[in-house]
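Dear colleague,

I am handing over the structure below, and my notes on what was found in it follow.

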Amino acid sequence: GARIDFDGQARNFRNVLDRVANILGGEETARNHVGKCIFSVGMGSNDYLNNYFMPLYYSSSRRYTPEQFADVLIQRYASHIQSLYNYGARKFALIGISQIGCSPNALAQSSPDGRTCVERIDGPIRIFNAKLYALVDELNSKNYRAANFIYINAFDIFHDLIVDPSAYGFRVTNAGCCGIGRNNGQITCLPLETPCPNRREYVFWDAFHPTEHANVIIARRSYSAEKESDSHPYDIRRLAEL
């Protein structure tokens, strides 16, 4: 369960930036190079799945309403973005949290029919995403010299895969390709377990994570929006051109 938090990732990036400066011949040259890169930032789902919605282990859901918890996360989010900006990042794609109330684990634990997405989870996620959307507008309106920020609406893109799976080549939306128990979602994919042979027909790989096929679709619509709601104020392709 070990993971590198965002502060640690930012420090690692700072170390890499020093190495890039040595290669390119100076910090200013390195910052100009980094300023052309796109920083894709997606975080928050584990703060809900592995914290807020685990009241037996964490007190956050008792200490904060969904609105308050989203505010806490967004405040931290903004400070992390500020750190990356200070290191030279100028193009940011901030990805909203997906519809995790539709994951096999959520369905296995809380859905009465094993198919209906869990609003108890998706409701707070919508609150967070709305605040992240507003943060993008706030960041774009501030005096961040030569910086651009966009929001990727992963929640609604993913929703399309759930409500109209056949349009994207999917057959199974409510179970993992690899997993154990109800919806293949009560215990996630374990070593030596045999996954389904037709993973491209599954939206979910395991109890929590989309399959490669689903991720490719989400990535394509993030890069080149199919709907106006896919991204705000524009998509990654436009961000790359700036």
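**Pockets and helix packing**

Helix α5 makes the greatest contribution to the lining of the largest pocket, with seven residues, where helices (H or I, at least four residues) and strands (E, at least two) are DSSP runs numbered from the N terminus. This is a predicted model, in which local features need pLDDT of at least 70 and side-chain atom pairs count only at pLDDT 80 or more, while totals for chains, interfaces and linings use all residues. Residues are numbered from 1 along each chain as its sequence is written, and side-chain values use heavy atoms, leaving out hydrogens and water.

The largest pocket is lined by 47 residues, and Gly 42, Met 43, Gly 44, Ser 45 and Asn 46 lie nearest its centre. A pocket here is, on a 1 Å grid over the protein atoms alone, an open set of points where a 1.4 Å probe fits, with protein on both sides within 12 Å along at least five of seven lines, and lining residues have an atom within 4 Å of a point. Besides α5, elements that each supply at least two lining residues include α1 (6-24), β1 and α3 (45-52).

Helix α5 (residues 66-86) also packs against α7 (residues 119-141) at an angle of about 35 degrees, with the axes 9 Å apart; axes are lines fitted to C-alpha atoms over the stretch in contact, and angles run from 0 to 180 degrees between N-to-C directions.

In the second largest pocket, the largest share of the lining, four residues, comes from α6.

With best wishes
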